[in-house]
Amino acid sequence: MQDFINSLQNIFVAEDRIPADARIKAIHQREYLVNGEIRRWDGEVAEVYSPVQIPDGRGGIQRKLIGSYPVCGADEANEALDAALLAYDNGQGEWPTMSIAGRVQCMEKFVCQFIGQRELVIKLLMWEIGKTYTESAKEFDRTVNYINHSIDELKDMDRHSARFEMTEGYVAQVRPSSLGVVLCMGPFNYPLNETFATLIPALLMGNTVLFKPPKHGTLLHYPLLSAFKEAFPKGVVNTIYGRGAVITPGLMASGKINVLAFIGSSKVANELKKQHPKVNRLRAVLSLDAKNAAIVTEHADLKLAVSECILGALSFNGQRCTAIKIIFVHRAVSAAFLKMLAEAVDALKPGLPWDDQVDITPLPEPQKPAYLKNCIDDALTHGASVINQYGGATVGSFVFPAVVYPVSKEMKLYREEQFGPVIPVVPYDSIKEPIAYQVASNHGMQVSIFSNDAKEVSALIDSFVNLVSRVNLNSQCQRGPDTLPFTGRKDSAEGTLSVPDALRSFSIPTMVSAKLNDTNKALINEIVNDNDSNFLSTKYIL
């Protein structure tokens with residue numbers, strides 16, 4: 001083990017040994033966007049330290065300082081809120097009353113400028129949160145695709161909304177309309193894609209936005225400020241920086257936030273909602289905690305199950321809400337499964353984000369290694385073992401994945417979402433045991449079922465479709481494709497995110513109707529023929 005720990009230590013190299021195209025110059029951000037202006041900030045700043053550590057010349061390693069960003073206060077947050085309110089103007093502003101074609105044109109302008117920042121944003125994803133180059137590039141490109149798919153879906157919705165419905169003596173046109181001011185807060189693990197999964201549909205549907213970047217993954221949004229400024233009318237996009245505990249309570253307590261778009265913990269989401277004085281007026285679009293289970297039955301293809309469970313449990317170090325965070329394996333196949341799983345995990349390649357074919361990278365949260373060690377130690381105290389040779393080996397910000405078995409109810413790893421590279425494995429004798437686990441769980445996002453027995457799979461499907469929002473057959477838990485619904489039960493989500501669902505989540509169906517008589521026919525025809533209304537119209541975008 002000591003030799004392996006030494007090899008982990010050697011992953012962190014001097015800066016001059018980092019490939020030239022991966023190196024980064026510190027970015028000390030002193031600007032923020034509000035009311036269409038990029039303003040100078042001369043106050044307190046937060047320093048950004050990378051999970052990538054550098055030898056300090058004294059035999060130790062330390063996180064590299066890669067920049068800083070403004071720590072604004074309640075005054076600046078309220079100023080941004082006022083700008084968003086003014087731009088929305090109770091639904092009378094330029095943006096909410098703009099035609100779909102006009103909004104699409106603005107978004108297409110943004111995408112063009114966004115793509116121009118690809119190289120820098122990918123590099124910042126690697127340095128800020130330790131995501132591999134491959135995964136960072138995938139996140140950026142997926143975000144571009146998400147924006148383009150959202151534009152296409154909005155056009156399709158517009159085509160369907162362009163027709164008039166005639167029923168029971170009435171003529172009506174139904175279109176989606178905006179909701180108001182959206183507070184958008186994304187997560188550190190997908191600071192670009194998950195944030196934009198709410199930000200983009202909120203904008204396309206005519207809302208104005210307050211956008212707070214996550215604590216880890218803040219700097220990568222800095223190169224995009226100019227694109228937001230140039231592409232959208234003033235006050236439509238406003239960035240707020242600072243400590244959430246300082247700036248968000250006042251925003252919510254104002255009662256002027258119409259939509260809370262938050263991806264993070266259910267505890268924080270609950271507190272934010274409680275601060276709003278009129279919760280019935282607040283729409284919440286939330287993606288929250290998850291403790292997704294994999295169930296490996298005695299009829300599973302074990303090689304396939306191991307491969308998919310590793311992908312599901314350890315992609316981006318297991319730091320995904322959709323990660324597999326606990327595995328139930330039938331006792332009859334547990335020995336064979338565990339042997340294959342342990343060997344496959346130990347074969348994973350640790351390294352820095354830009355290293356070729358690297359699987360495991362440093363963790364962005366400074367406190368995470370200690371927390372994971374605590375979880376493992378707790379399991380050991382209650383009778384479990386780390387069954388892979390290198391499991392739990394830690395050097396600085398780097399933690400090598402640990403396979404822990406047998407996990408039982410009294411252990412933290414059974415209950416808590418570890419959100420890191422630890423794989424708890426629970427043996428079971430009756431399929432009722434993993435079902436009972438899901439019934440009792442506070443979470444209800446996804447499950448993965450590994451079996452080739454059709455009757456067994458059928459029974460499990462029928463059991464789990466009323467407990468989770470997605471059942472994956474012989475495959476890992478995941479979010480995509482983005483055109484499919486992404487949601488959860490219990491404390492795992494509120495609202496649904498997919499390309500079409502997100503557009504509906506940030507809008508409300510609104511109708512113009514009239515009794516079907518000659519006078520109203522003539523009135524509606526005149527409005528439509530003269531193109532006097534952006535809402536009541538038969539025009540649509542091809």
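**Phe-110 and Phe-228**

I looked up burial for these two residues: Phe-110 is buried, and Phe-228 is buried too. I take buried as under 20% relative accessible area, exposed as over 50% and partly exposed as in between, with a 1.4 Å probe and protein chains only. The model is predicted, so I note that local features need pLDDT of at least 70 and side-chain atom pairs pLDDT 80 or more, while totals for chains, interfaces and linings use all residues. Residues are numbered from 1 along each chain as its sequence is written, and side-chain values use heavy atoms, with hydrogens and water left out.

I then listed ring pairs, and the structure holds 19 aromatic pairs. Rings of Phe, Tyr and Trp (its six-membered ring) pair if their centres lie within 6.5 Å; planes under 30 degrees apart count as stacked, over 60 as edge-to-face and the rest as tilted. Phe-110 belongs to helix α4 and Phe-228 to helix α8 (residues 225-231), so the pair ties together parts 118 residues apart in sequence. Helices (H or I, at least four residues) and strands (E, at least two) are DSSP runs, numbered from the N terminus. Ring pairs also link a cluster made of Trp-95, Phe-110, Phe-114, Phe-140, Phe-196, Phe-211, Phe-228 and Phe-232.

For Phe-228 I looked up contacts, meaning heavy atoms within 4.5 Å. Setting aside neighbours within four places in sequence, Phe-228 contacts Leu-33, Phe-110, Phe-196, Leu-199, Phe-211 and Val-237.

**Cores**

I took a nonpolar core as a set of buried Ala, Val, Leu, Ile, Met, Phe, Trp, Tyr and Cys residues joined through side-chain atoms within 4.5 Å. The largest has 139 residues, and those touching the most other members are Phe-110, Phe-196, Leu-210, Phe-228, Phe-232, Ile-327 and Phe-337. Helix α6 (residues 133-161) supplies the largest share of this core, 8 residues. A second, separate core has 28 residues, among them Ile-326, Leu-363, Ile-435 and Val-468.

**Helices α4 and α7**

Helix α4 (residues 100-115) packs with α7 at about 145 degrees, and the axes are 10 Å apart. Axes are lines fitted to C-alpha atoms, for helices over the stretch in contact, and angles run from 0 to 180 degrees between N-to-C directions. On the α4 side I found Arg-103, Met-107, Phe-110 and Phe-114, and on the α7 side Phe-196, Ile-200, Leu-203 and Leu-204. These contact residues divide into 7 nonpolar, no polar and 1 charged. Here Ala, Val, Leu, Ile, Met, Phe, Trp, Tyr, Cys and Pro count as nonpolar, Asp, Glu, Lys and Arg as charged, and the others, Gly among them, as polar.

**Six-strand sheet**

This open sheet has 6 strands in the order β10-β9-β8-β11-β12-β24, with mixed pairing. Strands β10 (237-239) and β24 (493-494) are at the edges with a single partner strand each, so one side of each lacks a neighbour in the sheet. Two strands pair if DSSP finds at least two bridges between them. β11 (residues 259-263) and β12 (residues 283-287) pair in the parallel sense over 5 bridges, and Leu-260 stands opposite Ala-284 in β12.

Helix α7 (residues 193-204) lies across β8 (181-185), β9 (208-212), β10 and β11, at about 165 degrees to β9. Helix α9 (residues 244-253) lies across β8, β9 and β11, at about 160 degrees to β9.

β15 pairs with β18 (residues 402-405) in the antiparallel sense over 2 bridges. The bridge partner of Ser-385 is Tyr-405, and that of Val-386 is Val-404. β18 and β19 run parallel and are joined by 3 bridges, with Ala-402 partnered by Val-422 in β19.

In a regular strand the side chains alternate between the two faces of the sheet. In β18, Ala-402 and Val-404 point one way and Val-403 and Tyr-405 the other, and all are buried.

**Ser-161**

Ser-161 lies in helix α6 and, at 11% relative accessibility, counts as buried. Beyond four places in sequence, Ser-161 touches Gln-173, Val-174, Arg-175 and Pro-176.
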